[in-house]
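Biologist: Hi! Could you walk me through this model in plain words?
Modeller: Happy to, let's open it up.
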Number of protein chains: 2
Amino acid sequence: MAAHEQELPVPFKRYHIDKVWRGENTQRGRYREFTQCDFDIVGTTVMDADLEILLLIHSSFQSLGIEGLDIKVNHRGIFNRFLQHLGLREQGDEIMRLIDKRGKIGEDKLKEELHQLVGSENADTILSYISGGGDFMNTLEEIARLAGGHDDDTRRLAEIYRALEEMEIAQYFSLDPSIMRGLDYYTGIVFETFFRRLPDIGSVCSGGRYDNLASLYTKTALPGVGSSIGLDRLIAALEELGMRKGEQQAADVAIFRVEEDLAGYYHGIARRMRAEGLSVDVFPERRKLGQQFKLAEKKHIPAALICGEEEYQSGKVTLKNLQSRTSYELISLNEAIKRARTIASGPAAE
Amino acid sequence: MAAHEQELPVPFKRYHIDKVWRGENTQRGRYREFTQCDFDIVGTTVMDADLEILLLIHSSFQSLGIEGLDIKVNHRGIFNRFLQHLGLREQGDEIMRLIDKRGKIGEDKLKEELHQLVGSENADTILSYISGGGDFMNTLEEIARLAGGHDDDTRRLAEIYRALEEMEIAQYFSLDPSIMRGLDYYTGIVFETFFRRLPDIGSVCSGGRYDNLASLYTKTALPGVGSSIGLDRLIAALEELGMRKGEQQAADVAIFRVEEDLAGYYHGIARRMRAEGLSVDVFPERRKLGQQFKLAEKKHIPAALICGEEEYQSGKVTLKNLQSRTSYELISLNEAIKRARTIASGPAAE
């Protein structure tokens, strides 16, 4: 972006799904090379950009059918003002690092280390600040109070929450003042995403606002906000939730290869079905029907289209639901397409 | 595939779009690392698999809107039998290498080198074999004759051609007996794909049948057929054809940010439009209308949805066609969705 700022429209929205490489030390589950889906809006500081990244996180996981989505939001600007208020701005990095380790070291150890670092009174105030737990707006009131009152940052969080409420998705978001994202480059909103059914897997999508990051590369101000999904961790999570079955279904319909000379005819049918949005696997080998049924089963294909001499001569086809074993004999291709669509969307739909 | 043959359904169809690395020497335009889309059917020798790979090549370029598609097919088995017939089987590799170089060295030089290698009579017969140029079935008759008559290989090509005719796409395919694909591992059909408008760019999609390739890795016979599209070369070709404009269109509709407090409302509209298949860019910054028009123009977005106080109060929206400057004022969202769809499909459609 910094290299192409003259050509690119600003605000610039971009996404990228590909390999990335970690600069920090590798650890178990934190590889040097991994696959990431990331998305950012660069070149603007407005609230709308923060909101849109949150909406994108929500709609991504909604389209995957995730239940119990918990997108935890916080704001580094408010926390910094809070530390300033306590006169602890200089210990900020160390305090954030400790809070980030809370999950690993536990509440007691955190308290102990904070006591040592900033004294018991300050430590208690910090622990009270990060405790959260109430609903979004109450928590916001509480951290605003501890930071010395409302300002643009707190008003921005309130505005974002109002928009989420208006879109009727506020229930997927919480304000968690313990979310720090310890990287120096975050300057505003920060967020992490959890699946309630898999608390141990950690955040599957994290990010925040970084208004000075591009200053490494350009003198132009290129503020931005963005987030990223670690694809490997997400796939592991979906597997643990038993939600990867769609991936195993090789196609919606298998067209069995039954007659010697009908290859072109079968592929013609496949083309028409694909034009209607169905995914079709034309079996290439003329084998016994039983073997073709087995192959369809192994490929988790829910429906078979069979077109033998009788069907071919009458311009009809036969469709079989391979789960229920129901046959629809000698029906039109249009009817077969409708039935295949119903079968493919699952037993409940039929 | 060889490593997982027990678990995988056979025939196994796979595709892959990602980086690959070249084992052979690099050259100008032939990088060590490049991006390839490749697709194969492994575990079967049947004609249907060859056919389906050809159909996939055709439908891929058709969906890109390529005109003047020329998929050139040949068969290594027939050529080998032809060489056997001439008693030249042992010089086969060298002969194929020469023929592969034809484009580079020219017809005269090829003739001269073939003369030296196999004598003038054989050279003339080979040049006659590879000359092709007639229609598919006539060329097939001619090479069958030169190879000593019909066999399973020639019958397979005839069967494939019949299926292509039945699907009414035979005009995109030709039989070119000079296509060799000099790699040792091809054993049957081979093919290359050209755009008639860009003959110099070379083949954009090549492949063939390789029935012994997997024998490097497993004792099980894993015959296969497949092809690959070099993505970089394809994109260069599309650019040369002036066919990349779709890529620049950032969205179908821009929702302008005009009122202070309507972020959630605008994103709610975007969600409804996206559910109807439109791609929507909600502009995050409240700027002067003129600036938002300029941004839409820079992003090649053909329509703008504007919702100010009047529209909001009446539950309506205003849609503007940014090319024709036509305005549809205070219309329902459903009507705006319909109009936006028409505008997005281009000036001809409206």
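Biologist: Let's start with Glu285(B): is it buried or exposed?
Modeller: Glu285(B) counts as buried because its relative accessibility is 17%. Buried means under 20% relative accessible area, exposed means over 50%, and partly exposed is in between, using a 1.4 Å probe and protein chains only.

Biologist: Before we go on, what should I know about the model itself?
Modeller: This is a predicted model, where local features need pLDDT of at least 70 and side-chain atom pairs count only at pLDDT 80 or more, while totals for chains, interfaces and linings use all residues. Residues are numbered from 1 along each chain as its sequence is written, chains are lettered from A and ligands numbered from 1 in the order in which they are written, and side-chain values use heavy atoms, with hydrogens and water left out.

Biologist: Thanks! Where does Glu285(B) sit?
Modeller: Glu285(B) is in the loop between β9 (280-282) and α12 (289-298) of chain B. Those labels are DSSP runs numbered from the N terminus: helices are H or I with at least four residues, strands are E with at least two.

Biologist: And what does Glu285(B) touch, leaving out residues up to four places away in sequence?
Modeller: With those left out, Glu285(B) touches Pro11(A), Gly43(A), Thr44(A), Val46(A), Arg257(B) and Gln292(B). Contact here means heavy atoms within 4.5 Å.

Biologist: Which side chains make polar contacts with Glu285(B)?
Modeller: One is the side chain of Thr44(A), at 2.4 Å. Another is the side chain of Arg287(B), at 2.8 Å. A polar contact is a pair of N or O atoms within 3.5 Å; within protein, one must be able to donate a hydrogen and the other to accept it, and residues adjacent in sequence count only if both atoms are side-chain atoms.

Biologist: What about Arg287(B), how open is that one?
Modeller: Arg287(B) is partly exposed because its relative accessible area is 26%. Arg287(B) lies in the loop between β9 and α12 of chain B. A polar atom of its side chain is 2.9 Å from the backbone oxygen of Val10(A). Setting aside neighbours within four places in sequence, Arg287(B) is in contact with Val10(A), Pro11(A), Arg257(B), Gln292(B) and Leu295(B).

Biologist: Val10(A) and Pro11(A) again! What is the peptide bond between them like?
Modeller: The bond from Val10(A) to Pro11(A) is cis, with omega near 0°. Pro11(A) lies in the segment before β1 of chain A. In chain B, the bond from Val10(B) to Pro11(B) is cis too. As background, most residues other than glycine have a negative phi, and most peptide bonds are trans.

Biologist: Let's zoom out. How many residues of chain A are in contact with chain B?
Modeller: 44 residues of chain A are in contact with 44 residues of chain B. The buried area between the two chains is about 3200 Å², with carbon and sulfur atoms giving 50%. Buried area is the accessible area (1.4 Å probe) that two parts lose on being put together, summed over both.

Biologist: How many salt bridges cross there?
Modeller: Six salt bridges are found across the interface of chain A and chain B. One of the salt bridges joins Glu52(A) and Arg274(B), at 3.9 Å from N to O. The rule asks for a side-chain nitrogen of Lys or Arg within 4 Å of a carboxyl oxygen of Asp or Glu.

Biologist: Last topic: how many residues are in the largest nonpolar core?
Modeller: The largest nonpolar core has 63 residues, and those with the most contacts inside it include Leu54(B), Ile57(B) and Phe61(B). Helix α1 (residues 47-63) of chain B gives the largest share of this core, eight residues. A nonpolar core is a set of buried Ala, Val, Leu, Ile, Met, Phe, Trp, Tyr and Cys residues joined through side-chain atoms within 4.5 Å.
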